[in-house]
Amino acid sequence: MPESFFILSKDYLELATDEIIAIAKMYDRFAKAKVISNLVIIQSKTNWKEIAKRATFVKISGQILRKMSGLFLDEGNIGVLKNAKTFVCRIVNLSSNQFNVPELESSMGDMISKFSHAKVNLENPDVTVYLIFTNNENFFGFSKRDKVAIRPKKSKKYPHELDWKLTRLMINLIGLKKGETVCDPFCGTGTTLLEAESMGIHAIGLDFDEKMCEIAKANLKENGYHSEVLKSEFQELTKISEKFDGIVTDLPYGTSSKASEKPQEILKKFFSILPKRKRVAIMYKKELDVNSKINGLKKYHIYRHKSLTRTILIK
Ligand SMILES: C[S@@+](CC[C@H](N)C(=O)[O-])C[C@H]1O[C@@H](n2cnc3c(N)ncnc32)[C@H](O)[C@@H]1O
């Protein structure tokens, strides 16, 4: 079974690790994962590019060619360079040993140049060859240059809008597939709708504020997207629950956006009407859950500053 590697950014490492595993399992429920610090090795029939494309916090990814004990490569290892004109070698050192990385990269480049016609190109190579050191194992792998994904656009910024990365992460944590539908019952400017559509997931947004609905619609239009936006209280979701597969939302904080009532009351009521058998990822201000009564499968806490810690709850 092919193995891929994903080096994750250390911001939100637990979330990033769970995200990559959730994506891998969404494509192939038999996928297996091994986590070594911020390196995740996935064994799955899914191509690494498919997984990397959906993920939010991946810095480097590629396919593993083999595990290796030393630094010795032979011609068989560099078949990946067969059709490449250019390559570069990169060392990722996750072990506790100190290496002279530039020196090692350049000697690996020299070694490979003996077997291959490809030339070294540091800026924009066709193939990047990786040697990843960990305390127990070393991995030899590669990645190929790919097109940079087009991000959804928004013409204006609003103070209460959610960071697109956390939104995308929540969609991925509940494993929504291309062709499925997500509902955001507090859609605001439509961040969830934009992220979902950019991954081929349909979306329905609700917001009780007419102005927010207009902004969300304008943002969708700007990207040529077609998600539905309904001016409605969040309770409407119980009436349309057969239309969606999961809920991803960011509840009112009681600061910069309008709220129909106290955010704490909204959280309580919203939680009590969540449809069963739907996948749910919700974000709310931690302090609003006064008696820690809001529970699900997993909770993550994201510290922003001393008066704001966000909770992401997966249900
Ligand atoms: C924190 S904001 C959501 C921000 C959104 N994720 C974004 O990126 O723009 C919360 C939203 O909930 C809406 N809202 C407040 N009370 C509501 C209610 N009772 N029903 C539906 N929407 C409500 C507000 O208008 C606001 O747009």
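How many Å separate the centres of domain 1 and domain 2? The legends below describe close-up views of a predicted model.

**View 1. The two domains of the chain.** Domain 1 covers residues 3-144, and domain 2 covers residues 164-314. Taken over C-alpha atoms, their centres are 35 Å apart. In the contact, domain 1 takes part with 12 residues and domain 2 with 10 residues.

**View 2. The side of domain 1 that touches domain 2.** Helix α1, residues 13-27, gives the most to this side, with eight residues. By class, the residues of this side are six nonpolar, five charged and one polar.

**View 3. The open sheet of eight strands.** The strands follow the order β2-β3-β1-β4-β8-β7-β5-β6, with mixed pairing. At the edges are β2 (32-36) and β6 (119-120), each of which pairs on one side only. Strand β3 (residues 39-43) runs antiparallel to β2, and five bridges join the two. Within this pair, K34 stands opposite I41 of β3.

**View 4. Helices α1 and α3 on the sheet.** Helix α1 packs on the sheet and touches β1 (3-8), β2, β3 and β4 (58-68). The direction of α1 makes about 155° with that of β1. Helix α3 (residues 101-115) also packs on the sheet, where it touches β5 (86-93), β6 and β7 (127-133). For α3 and β5, the directions make about 140°.

**View 5. The residues around the ligand.** The ligand is surrounded by 22 residues, of which F186, G188, T189, T191 and S260 are the closest. This shell has 10 nonpolar residues, six polar residues and six charged residues.

Definitions and conventions. Residues are numbered from 1 along each chain as its sequence is written. This is a predicted model: local features need pLDDT of at least 70, side-chain atom pairs count only at pLDDT 80 or more; totals for chains, interfaces and linings use all residues. Domain bounds come from an automatic or database domain assignment. Two residues are in contact if their C-beta atoms, placed from the backbone, lie within 7 Å. Helices (H or I, at least four residues) and strands (E, at least two) are DSSP runs, numbered from the N terminus. Ala, Val, Leu, Ile, Met, Phe, Trp, Tyr, Cys and Pro count as nonpolar, Asp, Glu, Lys and Arg as charged, and the others, Gly among them, as polar. A residue is near a molecule or strand if its C-beta atom, placed from the backbone, lies within 6 Å of it. Two strands pair if DSSP finds at least two bridges between them. Axes are lines fitted to C-alpha atoms, for helices over the stretch in contact, and angles run from 0 to 180 degrees between N-to-C directions.
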